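Student: I have a model open on my screen and I keep meeting labels on its residues. Could we go through where those labels come from?

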Amino acid sequence: RLTNTKVQRGRTSAMMDLALQLDGAWSFLPASKWSLDARLDHSPTDDLQQILGLNYPVTGLLTGDFRGSGTRAAPLLDGDFVLEEIDAKGVRFDRLSGQLHLKQDEIRLSNAELRRDTARVTGEVAYHSQEQTVEFNLTGAGIVLEKISAIQNASIPIGGELKFDLRGSGPLLAPVAQGDLHLAKVRLGAEDEGDFRAQLSS
């Protein structure tokens, strides 16, 4: 058992309590139980990924309280977190906060909020790794079209603001989704096009 222990690597430091159930040969078996309480404060995710043996194309500064339990074969992890200064393959966000739940075949984000400038996306997302399926219920607001480079054209710039409510589930790369879209104060070049509403079903 480790109590009130500071773990440090690179710019990452964490305070934690860790308990492992070992057998008579000091082995941590698949059925062995464990528990963890850890606190991170603005820890760079690239250092954390090296510690955990991960390599996701996302960087940022992580703050949070995390609680782990279960067995080596079936671990559980819950946490309240804030991830700031996010860079995901060159796409930047200001902040992601929420409640994280991990178990053997599921990653779930609850009460999540993703921010970039005035844009907000809130809701819940769950990913089931064994089935490669996803569930989501998301609401977006304050999304400025001028800042979405993928839809911009130098000859006819697109302006306006996007709001949406989107929910769905299914295979990760082809989920079934339903929702409502609202485009406000749309501009194509110098022309004002007004507001548009649509329902999405796929």
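Tutor: Gladly. Let's start with arginine 187 and glutamate 146, whose side chains meet in a salt bridge, at 2.2 Å from N to O. Keep in mind that this is a predicted model.

Student: What makes the contact of arginine 187 and glutamate 146 a salt bridge?

Tutor: The rule asks for a side-chain nitrogen of Lys or Arg within 4 Å of a carboxyl oxygen of Asp or Glu. The pair of arginine 187 and glutamate 146 has its N and O at 2.2 Å, so the pair meets the definition.

Student: Why is glutamate 146 called partly exposed?

Tutor: Buried means under 20% relative accessible area and exposed means over 50%, with partly exposed in between. Glutamate 146 has 36% relative accessibility, so it counts as partly exposed. Arginine 187, at 30%, is partly exposed too.

Student: How do you know that arginine 67 and aspartate 80 form a salt bridge?

Tutor: Their closest N and O atoms are 3.9 Å apart, and the cut-off is within 4 Å, so the pair counts. Arginine 67 sits in strand β4 and aspartate 80 in strand β5 (residues 75–88), 13 residues apart. Arginine 39 and aspartate 65 also form a salt bridge, at 3.0 Å from N to O. That pair joins strand β3 (residues 34–44) to strand β4 (residues 58–70), across 26 residues.

Student: How many salt bridges does the count come to?

Tutor: Eight by this rule.

Student: What makes Leu20, Leu22 and Trp26 a nonpolar patch?

Tutor: Patch residues need over 30% relative accessible area and no salt bridge, and nonpolar side chains are joined within 5 Å. Leucine 20, in strand β2 (residues 12–20), has 42% relative accessibility, so leucine 20 passes the 30% cut-off. Together the three residues have about 360 Å² of accessible area.

Student: And isoleucine 151: which residues does it touch, not counting those up to four places away in sequence?

Tutor: Leu145 and Ile158. A contact here means heavy atoms within 4.5 Å. Isoleucine 151 is in the loop between β9 (133–144) and β10 (158–171), and its 36% relative accessibility makes isoleucine 151 partly exposed.

Conventions
Residues numbered from 1 in each chain as written. Predicted model: local features only at pLDDT ≥ 70, side-chain atom pairs only at ≥ 80, totals over all residues. Heavy atoms only, no water. Helix = DSSP H or I, 4+ residues; strand = E, 2+ residues; numbered from the N terminus. Buried < 20%, exposed > 50% of the residue type's maximum accessible area, 1.4 Å probe, protein only. Patch = residues over 30% accessible without salt bridge, like charges linked within 9 Å, V, L, I, M, F, W, Y side chains within 5 Å. Areas by Shrake-Rupley, 256 points an atom, 1.4 Å probe, with all protein chains shown as cover.
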